[in-house]
Amino acid sequence: MPPRVACPQGFSLITLCLRPAVRPTLAAAAAAAASLQPLVQTASISLKEKKRKAKIDPYWWEQSQQRIAKNKQRQAELRAIRDKEWGSPVHGIPTPFVESLDSAGQEAMSRVVARDKDGNLVDAEPQPLPTSPHLLNYQLTRDELERALADSYRLTRPVPNPNESEAMRLENERLHQERHQKAALALQRITALENASSEDRRHANIRRCIETFGRHATDNFLRPKPVPVGVKPLEPVPRAGPDTGSSEVQIAILTTKIRVLARMYEGKHGNGDKVNKRNLRLLVHRRQKLLKYMERKERGSERWTHMLEKLGLTPATWKDQIAIE
């Protein structure tokens, strides 16, 4: 067989056939033109050019390096600001109302635990928290307890006896007063939320969420979303009781439950608690759905901004995919 002669690069498209050749496509022509051009490493030339300019004009080189460093620093600052505003998909941003959920509104000042860069505890100024002193344990209120104590004092008061002496009557009154004070003190300790269980504090926080975000209360100082032009506004319907089913109330209640589960999961042995991890994931995604719904319906209204400011909810709590590891 005759020896094979290698065809030079770029001449592979040449043919000796006398038939009319098919017109090459644009992509084939571009590939053929590129194959005839020499290989050039632009990155090396650019680097050499930079080194040459640095030797020729060192002042220009130093200025350009400073501008690059300044731009990188500014990008890092903006990235940190965006990350801070983005917040946590579970906790969001801590607010006074959210921190007051730990004590069910019984502590007036926050328990601030601050640490420095080395992890050492430092003194931090506590912040005031919203309180609810009228709420008591066992789903009672302070007014109900005071009325019950007044009724018990009236019903247990000794009946005057015409045959007893004045000294005996005064002694009975004194004993009755002492017993009533002891009973009132015992009831105050029993009904105090400081001595309540986590379930009782959860019920108290649910009542606080209804009082804070219920539309029976917020309609008095928050304006609803503006109605489009040409649409007749609906007449307000009188409410039969406190609002417990609106989106903002349900979101606040879910935030209360999420905070409790998140603190348990982030504890010492929380990583192995698969059940609470699943429950936390379900609650977070349920809140995400409600937030997306409320964003479509109430975005830009005072109800939306009031809820976000009170609960510290950020876009991370309803945008993108939420993963709990």
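Mentor: Let's start with a term: a residue is called buried when its relative accessible area is under 20%, exposed when it is over 50%, and partly exposed in between. Keep in mind that this is a predicted model.

Trainee: Why is Trp61 called partly exposed?

Mentor: Its relative accessible area is 27%. Buried needs under 20% and exposed needs over 50%, so Trp61 counts as partly exposed.

Trainee: And what makes Trp60 partly exposed?

Mentor: Trp60 has a relative accessible area of 34%.

Trainee: How many aromatic pairs does the structure hold?

Mentor: There are three. Another one of them joins Trp304 and Trp318.

Trainee: What makes the Trp304 and Trp318 pair edge-to-face?

Mentor: Its planes are 75° apart, and over 60 counts as edge-to-face. The centres are separated by 5.2 Å. Trp304 and Trp318 are both buried.

Trainee: Why can you say that this pair ties parts of the chain together?

Mentor: Trp304 sits in helix α11 (residues 302–311), while Trp318 belongs to the segment after α11, so the pair links parts that are 14 residues apart in sequence.

Trainee: Lys277 next. Why is Lys277 counted as buried?

Mentor: Because its relative accessibility is 17%, and buried means under 20%. Lys277 is part of helix α10 (residues 274–298). Leaving out neighbours within four places in sequence, Lys277 is in contact with Tyr265, Ile324 and Glu325.

Trainee: What is the volume of the largest pocket, and which residues are closest to its centre?

Mentor: The largest pocket holds about 520 Å³ of space. Of its 16 lining residues, Pro224, Leu234, Glu235, Pro236 and Arg303 are closest to the centre. The lining of the largest pocket has seven nonpolar, no polar and nine charged residues.

Trainee: What about the second largest pocket?

Mentor: Its volume is about 400 Å³. Here too 16 residues form the lining, and closest to the centre are Glu99, Asp102, Glu107, Arg111 and Arg263. The lining of the second largest pocket divides into five nonpolar, three polar and eight charged residues.

Conventions:
Residues numbered from 1 in each chain as written. Predicted model: local features only at pLDDT ≥ 70, side-chain atom pairs only at ≥ 80, totals over all residues. Heavy atoms only, no water. 1 Å grid on protein atoms, 1.4 Å probe; cavity = no way out; pocket = protein on both sides within 12 Å on 5 of 7 lines; lining within 4 Å. Points joined across faces, edges and corners; volume = space filled by probe spheres on them. Nonpolar A, V, L, I, M, F, W, Y, C, P; charged D, E, K, R; others polar. Phe/Tyr/Trp six-rings, centres within 6.5 Å; stacked < 30°, edge-to-face > 60°. Buried < 20%, exposed > 50% of the residue type's maximum accessible area, 1.4 Å probe, protein only. Helix = DSSP H or I, 4+ residues; strand = E, 2+ residues; numbered from the N terminus. Contact = heavy atoms within 4.5 Å.
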